[in-house]
Amino acid sequence: MPHNGPSDSSEIFDRALRRKRRDRAARHYEGFVREHMLEGIQDRLAAVTRAFGDVLDLGSFGGGFELPGARVTRIDAGARFATMAGGIQADEDRHPFPEASFDLVVSVGVLDQINDVPGALALARRALRPDGLFLGAFLGAGTLATLRGAFLKAEAERPAARFHPQIDVRAAGDLLTRAGFALPVADVETLTVRYGSMFSLLRDLRGMAATNLLPGTPPLTRNTLAGAAQAFAERADPDGRTAERFEIVYLTGWAPDESQPKPARRGSATTSLAEALRVKQQG
């Protein structure tokens, strides 16, 4: 059920602050990165010919994911997003759904902000029926490399932890395996966006609920902001715009079922994305 108490001091992210930031973002939502992720998820779904009747949208924002003919249940950690999507408020690593409730679980744009990513994936795996499909997308290692470098330069003498720990594509694949998914696949795609100033990027990050959720981070000072803005501008192209990277990690995994191909022998080629998505082409 939704957890409304204070965050555990041992957790990476502040749950209460995350809910607050998501409610703020819902008022002026900037969804272009998530829309790009959703296109990637739909491309992967297009390679699967089977039908999905019951779908869980795990971290729905205000909606956006649609699948004709399916019953889509939506949850979001933010109350405003959950209301906008016609869903329920719940944390993705603490949701209340029983075992074998869904044929498809999608999670688009939230796994990088969840305290217990292995737990969230295990819950998603548990909520799937046998041979059900999980598709995920989130911002992985290398995201915001330019902004990170600008702040490191601005706070060179006393750097503060202002950026979230990031999951790389190899670790993402390992997490799928640990969660018990069959035919796990993780791949990455780079989205590059060019900004006229660092403040335009910060405005986008606030609008997509992607700002710092680490507890105990010292507040930004004017000198830090000014120094980071200058360092960001120094990396600009000749036209005055600075490129920033969003590294999108995509995850694909199936709930185990006897009908599926057996895992490759140790030392042989790993499962490809196309092979994983073809599992049910005959179904």
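Let's start with a charged pair. Arg15 and Asp93 join their side chains in a salt bridge, 2.9 Å from N to O. Arg15 sits in helix H1, and Asp93 sits in the loop between strand E3 (88-89) and strand E4 (102-108), so this pair ties together parts that are 78 residues apart in sequence. One caution before I go on: this is a predicted model.

Buried or exposed, where does Arg15 fall? Arg15 is buried, because its relative accessible area is 6% and the cut-off for buried is under 20%. Asp93 has 10% relative accessibility, so Asp93 counts as buried too.

Now the next pair. Asp91 forms a salt bridge with Arg19, and the closest N and O atoms are 3.9 Å apart. Asp91 is in the loop between E3 and E4, while Arg19 is in helix H1, so the pair ties together parts 72 residues apart in sequence. Both Asp91 and Arg19 are buried.

Which residues make up the network here? Salt bridges link Glu11, Arg15, Arg19, Asp91, Asp93 and Arg94. In general, side chains of opposite charge can pair when their charged atoms come close.

A further bridge, elsewhere. Arg194 pairs with Asp237 in a salt bridge, with the closest N and O atoms 3.2 Å apart. This pair links distant parts of the chain: Arg194 is in strand E6 (residues 182-195), and Asp237 is in the loop between H8 and strand E7 (242-254), 43 residues apart.

How many salt bridges does a search of the whole structure find? The search finds 20.

**Gly78**

Next, a glycine. Gly78 lies in the loop between E2 and helix H3 (79-84). Its relative accessibility is 0%, so Gly78 counts as buried. What is Gly78 in contact with, leaving aside neighbours within four places in sequence? The partners are Arg19, Arg22, Asp23 and Gln89. Arg19 is the residue that bridges to Asp91. Also, Gly78 and Ala25 are 53 residues apart in sequence, and their C-alpha atoms are 9.4 Å apart in space.

**A positive patch**

Lys20, Arg24, Arg203 and Arg206 form a positive surface patch. Which helices supply at least two residues each? Helix H1 (15-27) and helix H7 (198-207) do. Take Arg203 as one case. Arg203 is in helix H7. At 49% relative accessibility, Arg203 counts as partly exposed, because exposed requires over 50%.

**Two backbone points**

If you check torsions, look at these. As a general point, most residues other than glycine have a negative phi. Phe61 has a phi near 50°, a positive value in a residue other than glycine. Where is Phe61? Phe61 is in the loop between strand E1 (54-58) and strand E2 (71-76). At 4% relative accessibility, Phe61 counts as buried.

Ala209 is the other one I picked. Ala209 has a positive phi of about 55°, although it is not a glycine. Ala209 is in the loop between H7 and helix H8 (222-234). Ala209 also counts as buried, at 4% relative accessibility.

**Helix H5**

In helix H5 (residues 145-154), Thr146, Leu147, Gly149, Ala150 and Phe151 are buried. What covers these buried residues? The cover includes H7, H8 and E7.

**The whole chain**

Let me zoom out. The protein has nine helices and seven strands. Of its 283 residues, 49% are buried. Take the contacts with a separation of 6 or more: residues 24 or more positions apart account for 78% of them. The protein exposes about 13500 Å², and carbon and sulfur atoms supply 51% of that area.

That's the tour. Over to you.

How values were computed: Residues are numbered from 1 along each chain as its sequence is written. This is a predicted model: local features need pLDDT of at least 70, side-chain atom pairs count only at pLDDT 80 or more; totals for chains, interfaces and linings use all residues. Side-chain values use heavy atoms; hydrogens and water are left out. Patches are made of residues with over 30% relative accessible area and no salt bridge: like charges are joined within 9 Å, nonpolar side chains (Val, Leu, Ile, Met, Phe, Trp, Tyr) within 5 Å. Accessible areas come from the Shrake-Rupley method with a 1.4 Å probe; for residues, only the protein chains shown count as cover. A salt bridge is a side-chain nitrogen of Lys or Arg within 4 Å of a carboxyl oxygen of Asp or Glu. Lys and Arg count as positive and Asp and Glu as negative; His and the chain ends are not counted. The place of a charge is taken as NZ of Lys, CZ of Arg, CG of Asp or CD of Glu. Helices (H or I, at least four residues) and strands (E, at least two) are DSSP runs, numbered from the N terminus. Buried means under 20% relative accessible area, exposed over 50%, partly exposed in between (1.4 Å probe, protein chains only). Contact means heavy atoms within 4.5 Å.
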